[in-house]
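Biologist: Could we go through this model together, with each word set against its cut-off?

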Amino acid sequence: MEPDPIEQITQTTLQHYERNAEQFFAGTIDHDVSQNIAALLDALQGPAPYRLLDLGCGPGRDLKTFRELGHEAVGVDGSARFVEMARAYSGCETWRQDFVQLDLPAGFFDGIYANASLFHVPSAALPKVLRDLHAALKAGGVLFSSNPRGDNREGWNGPRYGSYYDYETWERYLLAAGFIALQHYYRPQGLPRDQQPWLASVWRKV
């Protein structure tokens, strides 16, 4: 039986993070993603606190922020080391799950925060992953994503696999999964577009 190429991609990418967990934490702990956190929280409806899923939570930087803001945050990551680190750092419940084999409770979360995580999903697996996230949100729930923008190519970048979309292509995937677009923007703020490598977008479940 031939090995599943999507599973191979996922495991190779996760192994990179597993090997480099401490360096990744040290290199990203001070990143300012307050604009992204605000984009998710500002789009949520109803009274706070909210129940949030941090998809690809890594070592728990943003999980901790959500908790300190008074929300009930749960992390998901495919790296066992990141799950362990996130629990210790944030004090939040954290689940080990591969994105391509998510097992999330239905209609459970007010918001899902996918910061620099969904671009690791191969395009062949993306429709199912987005449907899984849609199903995990409450009616009217919000998905935030931030990915490196590109020209719709995908492949290996060293030991990590990435898919790099422009907004129009990303929007087609999200609309097909049952979301409506709320807003999108490029990061970092205040720079010319050619110096803004990140595409952030906010979507509502309908």
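Biologist: Which residues is Asp62 in contact with, leaving aside its neighbours within four places in sequence?

Modeller: Contact means heavy atoms within 4.5 Å, and on those terms Asp62 is in contact with Val33, Ile37, Asp54, Tyr113 and Asn115. This is a predicted model, in which local features need pLDDT of at least 70, side-chain atom pairs count only at pLDDT 80 or more, and totals for chains, interfaces and linings use all residues. Residues are numbered from 1 along each chain as its sequence is written, and side-chain values use heavy atoms, with hydrogens and water left out.

Biologist: Why does Asp62 count as buried?

Modeller: Buried means under 20% relative accessible area, exposed over 50%, and partly exposed in between (1.4 Å probe, protein chains only); Asp62 has 5% relative accessibility, and therefore counts as buried.

Biologist: And why does Val206 count as exposed?

Modeller: Val206, which lies in the segment after strand S9 (198-205), has 63% relative accessibility, so it counts as exposed. Helices (H or I, at least four residues) and strands (E, at least two) are DSSP runs, numbered from the N terminus.

Biologist: What puts the buried residues of helix H6 on the same side?

Modeller: In H6 (residues 126-136), the buried residues are Leu126, Val129, Leu130, Leu133, His134 and Ala136. They cover an arc of only 165 degrees around the axis, which is why they lie on the same side of H6; the arc is that of the directions from the helix axis to the C-beta atoms. Their cover includes strand S1 (51-55) and helix H7 (167-176).
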